[in-house]
Amino acid sequence: MGVLKTFPEMPPLLPGLGFLLLLGWQGSAGAAAAAGTYLCSSSTVNESALCASVDSASQEKFLEAARGQSSPCSLSFGQYACVQRTWLQDLQDDFLISLYSCLASKPATALDPDYSVLFFSKYDAEKLLASLTTFSQRFSHVPLSLEWNLIFINGLWEKMLQVPDTESPPVLSQWVHGGLQPFLVDPKVFGCLHGKNVSCESFQQLVAALDGLYPELPEEEQRNLYSGIKYYLTQNESNQKCYSEAIPGLNSTAWFKNYLGSFMEGATVEDLQLFGDEPTLQKFARDPVNMEMISNLTLLRETALYYTFLLTSAPGFPLSSLPAGFVCSLSPSAVTNLSRDDALSLARRIGESCPWIPERRGIPGGRAPSSLPARELQVTSSLLRKLEDFSPETLRALGQAAVGLSVSSIQNSIREEDLEAALPALGAVRGWSAEQSSAIVDKLLRSGYQLRDGQSLARLGSLVGGLNSSTVWSLSPEVLLEAIEVPEFAQQMETLPPALKRTFVEKLSSSIAHPADLVKLIPDSLASSIPKSLLVFGEEKPSVQDLNSKTWTPEQAAMFFSDVVKAEPDFSRLSQSVLQGFTCAAAKDVEAGRFQELAKVMRSKNVKLGEDQLSCLLRMVTLHGIPEDLDSYPKDLLLFLSPSDYAATGSCSQYFSNIGEANLAVLPRDSPLRKQLLLEALACLKIPGTQITEGNAEILGHLLCDLGGEYIRSSGGILLKDLSQCESFLPDQEEAIRDVISSGNTTFGPPAAWSAFTLRELSGLIPVFDHNILQEIPKNSLSLWLKEFAQDSPLSREELATVVGELLPTRHRRADGCKKEITEEVLSTALMPTYYSPQQLRACLGNISLESNLYLESHLSQVLNYPFSVEQLQVFKNYLDERYPDGYPESLLSQLGPLIPSSAPEEISRWKMNSADVLAAFLKNELPDPLASAAIKRYVKLANALNATALDAIGTTYVCLLNATELKAIEPSSLRLVSLNPSACSQQTKDLLYEKAKQAFSAQHVFPAYYELILPYLEGAPGKDLKALSHENVNMNISTFVSLRRDALMSLTPSEVQGLLGMNLQDLAKWQYRSPVREWIQVQKQSQLDQLHIGLTGGTQEGYINLVTPKFPASSSAPLGAMATALHLLPALLLTFLMVSILS
């Protein structure tokens, strides 16, 4: 490293000092001044003048204090500073700890900064480092006094200016990690540099030295140091950004390398915009030195997007010179003028360079797992449209970029023999859409490609999703078994639609005799599709290793959890997936003393449990009192405890910090327990009014989402970013958020000043914005956000459509022809809705070319998932109605998506709903009941059976729409393979499905597995079945108990209820004054209730008769009503009998 430049009137600067003073900088110059920058100075200290007014200490007295023989507080800081230099060499390494403790208890004086400079100047450098290391070990996690931090830093700075070799990374690392860490906790300490007049040239050298240390720094220190660098470069007083074309030494465009270095990994887009205007940033971005450095960094994604925009926004930039990391951040507009060869080359680079991503919830038209990100996919599609022929060589050369092929290209531009020749390469491509894979597979099968054996099936690879259920059913089980033994093929099955996965599982299970063998043979990608009934193992059980190696749903894992805990003595060897199957019904198989061990393992493996599971686990964990090490247990358990329960573990703020990180969604939003948690949190944090500080917000975590509107208003913009992560808001919260944003008094500024990147940060709040706010946001910011970031946001298609509406003209003139032709390029961009008013869209669809129409219909689901308004969608609907007056073909039904709500039931009754696959694809669109009912009736009317695939598609969401005739037509063998929950249905539906389920699971009467199977249907169970169930120790939840059929519940005796509830019996007392438990108590003998020992009252006393007229409907209400009437008349009959006896 070269010689560092010097500060004016200062000794040569060494980079260790820069590190010390930069690390942790945050805030503004004003904050630094407020923190006491007067305590920092670069002036020379005159020892004679400074010590003239200090009472000198004798060497004897000094040594007594230095050696611990007397209190170090017996001398003042000035006396220590003014002793002879040689005396300081007798100080012990722990002396600074004692000295600091003495000084921090007193207010600082104006002379203390100079005392600090003098004191540390007399220290030997090696001894000082050893003392600081000891000090750091003592105070590494203890906040220090801000003013004394400033004072110490002032002296250490001056001392370190004179330390040799501080610029070398090993020595610098020693100082940072060994001695200075406690001083760096409060970022305001580093306002000191403001008073030391550090020049840009010297600062550049500091950054260069620190850049060499960057890889060794912990991530937190990297972030803190970047904050310090940013502070220096943007401080207001100097208006100094260290760049000027007119000043030699400050005119280098390698600015990012010179002043940020590797720390640019922490820079946001807003930070870059603080460093210069856009033309200046474009110069920086295109500097070769900067480009070389950044190609080796991992920038924040939004920063990478912005940097690539800066590179490519000016004409003439050669994309071939773009570093590999930036091809993944290109925009479609940047590739419009490429030649065919350049387009192919760039497409290949994108396929090779860009990472694949898993499917993310909330993205409209969610992509298959391992697809290219939406941005790269859109760019690749634009590039491939420039290719006219696709030879096998070209298809193989595309690699992952082949996922950008349009369906129309597959159908019309690629020959069958070329597809088959390129099949191994195409089968390795990840992220095919359903339409793409279906087009390729259909073309292959029509050309004679045969699935004769497992190898020919496995050759399809990722294209297996293009098969339909009927084709899979036509294959022999041996073909499937051979294919799933190919690891690459088994992995590709992860992306299959649920209905097709179920078909594969059913076909495989039909040839495998024992469920344990099915678990062993089936690939993990299909494991979660195994019906629960096929996971009842009986005597022949799979190994724990086989179960651990698969990914299960909680409902599946509940089927065998009991078997596993009995077979596995070491809970830590169980997978997260298996552990989430914990149920109260299986609790009997866990020894009481081992519940705490089980819960701690669940914490270590981050197992997510539901409300009933957590309640049961907590009950077992606290059998012998509240543990004193609650931090070792799942955080979600704390939701059911209180700060006083946590007192033995830690403070209430620690408790609520954990609550803030817990899964608050376990509790319903309107849960009294959840409301109480928020009230207790506010009390714990001693928040006097309704203003939340940043520190409080950090502790509250997810509880912030429950704060009322008054807290949001009082806290201003502090909460906006955190609130952006909340899933939903109440009306008063929404109004408060709008008020805060409209005020403009936030760090984001008024909406009129927002950029696309501001919208990205606040995307979770966009659904809350009203028309006034959206209208104020610059149109170009909205457009850029839609183009660059909308597909990565959590917003639904409907919510995005609201934003699109703001970009359309508010007044529409009568459309006089189509202004922008609908081409394949237009149809492939998510911004298409912004190009057309409804009138324009109607005119352009009327003039669409045959080629574009084919593209539209083959990509209909993709196009309709763009954020079109309701009026625009109606235009599409009318267009399709005109094309298909006799009803839509089956190929379109699975693609209609957003168009379905505007359809009428009578229209659906004409559609060709010929397979369970189509029904499943249709019903996944969250339809209103009338439309779903029409679809199901149409499916049944076309003589299709309500088989397992159809029932799984109907699911719990629509099962209540089935009438008695349809329910009776369900075969128990089909019901056995699905999981339905008819709790929201009529009693007749519950009764019919219970009887069907009882038949379906009759061969699997093994507990607790049978209980998990029959549980969703128990609301239709008669009393005699519940009585039998009471002998099986099932630990029924109280929520299940109170939902049982009323006549069945009323027929149960107290001992039978105890048998059903088991460890949950205590919950019965909480319900004793609520229906139906209240009515049940009233018809029980009090003596029998007393035997439950849970404090139930209100039963029938001995010698008395309780007269209760049931006030509920039940299938057996007539007999009960007659009994009640007879009981009502019984006292009168007895009185008459007694009177007659006496008179006679």
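Reader: In this predicted model, why does cysteine 82 count as partly exposed?

Author: Burial is read from relative accessible area, where under 20% is buried and over 50% is exposed, with partly exposed in between. Cysteine 82 has 22% relative accessibility, so it counts as partly exposed, whereas cysteine 51, at 16%, counts as buried.

Reader: How many disulfides does the structure hold, and which residue forms one with cysteine 82?

Author: A disulfide is assigned where two cysteine sulfur atoms lie within 2.5 Å. The structure holds 7 of them, including the one between cysteine 51 and cysteine 82, whose sulfur atoms are 2.0 Å apart. This pair links distant parts of the chain, 31 residues apart, with cysteine 51 in helix H3 and cysteine 82 in the loop between helix H5 and helix H6.

Reader: Is the disulfide of cysteine 51 and cysteine 82 left-handed or right-handed?

Author: Handedness is read from the torsion about the S-S bond, which is about -90 degrees for cysteine 51 and cysteine 82, so that disulfide is left-handed. For cysteine 652 and cysteine 684 the torsion is about 90 degrees, so their disulfide is right-handed. Cysteine 652 lies in helix H39 and cysteine 684 in helix H40, so the pair ties together parts that are 32 residues apart in sequence.

Reader: What is the handedness of the link between cysteine 960 and cysteine 985, and where do these two residues lie?

Author: With -85 degrees about the S-S bond, the link is left-handed. Cysteine 960 is in the loop between helix H58 and helix H59, and cysteine 985 is in the loop between helix H60 and helix H61. Cysteine 960 is partly exposed at 30%, while cysteine 985 is buried at 9%.

Definitions and conventions. Residues numbered from 1 in each chain as written. Predicted model: local features only at pLDDT ≥ 70, side-chain atom pairs only at ≥ 80, totals over all residues. Heavy atoms only, no water. Helix = DSSP H or I, 4+ residues; strand = E, 2+ residues; numbered from the N terminus. Buried < 20%, exposed > 50% of the residue type's maximum accessible area, 1.4 Å probe, protein only.
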